[in-house]
Amino acid sequence: MAVLVVIVAAAASSVRAGSEQDPEITDTQGDAAIGGVDIVKGWFAEETQTSFSIHLMIADLENAVPSGSAGNENDFSFRAWFVFEPTNITYVAEASKSVTFGEQYKLYCVEFENTGAPKAMHSLADISGEWNTSTKQVVLTVEKSMINVSKIEGGTPVYDSTKTPKVGDRITSPSAEGIVWGWTGGSPSALGKDSTSAGEAYTFSIASTVSETGGFPILMVGLIAIILIAVIGGVIALRIKK
Ligand SMILES: [Ca+2]
């Protein structure tokens, strides 16, 4: 029986998704330099065969109201950063609100300097999202087929659709940032920023080893059956010996 418990526990821990109660990203409340960007937590959830969602909870999201006029405005953006482990490519899902462009949701991949500092964000696609002041959440939904960059060569993303997330693949080191951008005469400068690099690895939990209806994985049923047969066989063999 102990063997069964160990195997079932191992199967459960290999698939994990975040939640509001168990977020991958946590940050102090009340530490933001400017109102409207105080990140408190973030989590990766609602995973299906083809997509997953990133939730960022902002304590004072109701204060994230763009102001000013075109060419001289304060805009807000929230970014969730994560690394897709098999390719080591860093992605950014971004929600932004601005006077000029309104509400926008985008996915980028990130190019780094040799020093490890971010060099450029390459725009990959528009994504769907929600900016909800009543739940204090910004939700970004990423299609897995968009996570298809294998490397960045000469400043250009190189696509390889075989590199999209598969069973057991991981996204690691998730982090988040909230930014207020000041645009004066077309040149942006960061007015205020709240960010956290805290995070845990998140394992993609899709596909055939996990039933879509939440049923028991067929592989696990097979394993347990084999163990039961072995145990029963052992007991019978011992009795015959006696
Ligand atoms: Ca904070």
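Predicted model: local features only at pLDDT ≥ 70, side-chain atom pairs only at ≥ 80, totals over all residues.

Trainee: What is the mean pLDDT of the protein chain?

Mentor: The mean pLDDT is 85, and 82% of the residues in the protein chain reach 70 or more.

Trainee: Where does pLDDT stay under 50?

Mentor: One such stretch is residues 3-14, for which the model has 7 contacts beyond four places in sequence. Residues 208-218 also have pLDDT below 50, and that stretch has 10 contacts in the model beyond near neighbours in sequence.

Trainee: How many helices and strands does the protein chain have?

Mentor: There are 2 helices and 15 strands in the protein chain. Buried residues account for 31% of its 242 residues. Of the contacts between residues at least 6 apart in sequence, 57% join residues at least 24 apart.

Trainee: In what order do the strands of the open sheet run?

Mentor: The order is β1-β2-β3-β10-β9, which makes 5 strands with antiparallel pairing. β1 (25-26) and β9 (128-132) stand at the edges; each has a single partner strand, so one side of each lacks a neighbour in the sheet.

Trainee: How many bridges join β3 and β10?

Mentor: Strand β3, residues 51-58, and strand β10, residues 137-143, are paired in the antiparallel sense over 7 bridges. Within that pair, His55 is opposite Val139 in β10.

Trainee: Turning to the hairpins, which residue in the hairpin of β7 and β8 takes a positive phi?

Mentor: That residue is Gly116, with a phi near 95°; this hairpin has 5 residues between the strands. The strands themselves, β7 (residues 102-112) and β8 (residues 118-126), pair in the antiparallel sense over 7 bridges. Val110 stands opposite Met121 in β8.

Trainee: And how many residues lie between β11 and β12?

Mentor: That hairpin has 2 residues between its strands, and Gly154 in the turn has a positive phi of about 55°. β11 (residues 149-153) and β12 (residues 156-159) form an antiparallel pair over 4 bridges, with Val149 opposite Tyr159 in β12.

Trainee: Both of those are glycines. Which residue other than glycine has a positive phi?

Mentor: Lys136 is one, with phi near 60°. Most residues other than glycine have a negative phi. Lys136 lies in the loop between β9 and β10, and it counts as partly exposed because it has 15 C-beta neighbours inside 10 Å. Ser173 is another, with phi near 45°. Ser173 lies in strand β13, residues 170-184, and is partly exposed, with 16 other C-beta atoms within 10 Å.

Trainee: Back to the edge strand β9. How far is Asn132 from Glu62?

Mentor: Their C-alpha atoms are separated by 8.8 Å, although the two residues are 70 apart along the chain. Asn132 is found in strand β9 and is partly exposed, with 13 other C-beta atoms within 10 Å.

Trainee: What about Gly18: buried or exposed?

Mentor: Gly18 counts as buried because 21 C-beta neighbours lie inside 10 Å, and the cut-off for a buried residue is 20 or more. Gly18 is found in the loop between α1 (2-13) and β1.

Trainee: Which residues is Gly18 in contact with, leaving aside its neighbours within four places in sequence?

Mentor: They are Pro23, Glu24, Trp43, Phe44, Ala45 and Tyr202. Phe44 is 26 residues from Gly18 in sequence, with 5.2 Å between their C-alpha atoms.

Trainee: Last topic, then. Which residues touch the most other members of the largest nonpolar core?

Mentor: Of its 43 residues, they are Val37, Leu56, Ile58, Ala80, Tyr91, Ala93 and Leu140. At least two core residues come from each of β2 (39-45), β3, β5 (72-84), β6 (89-98), β7, β10 and β13. The most come from β5, which gives 6 residues.

Trainee: What is Leu56 in contact with, leaving aside its neighbours within four places in sequence?

Mentor: Leu56 is in contact with Ile39, Gly42, Phe78, Ala80, Gln137, Val138 and Ala176. Of these, Ala80 is also one of the residues that touch the most other core members.

Note on methods: Residues numbered from 1 in each chain as written. Pairing = 2+ DSSP bridges. Buried ≥ 20, exposed ≤ 12 C-beta atoms within 10 Å, placed from the backbone. Contact = placed C-beta atoms within 7 Å. pLDDT = per-residue confidence, 0-100. Core = buried A, V, L, I, M, F, W, Y, C linked by C-beta atoms within 7 Å.
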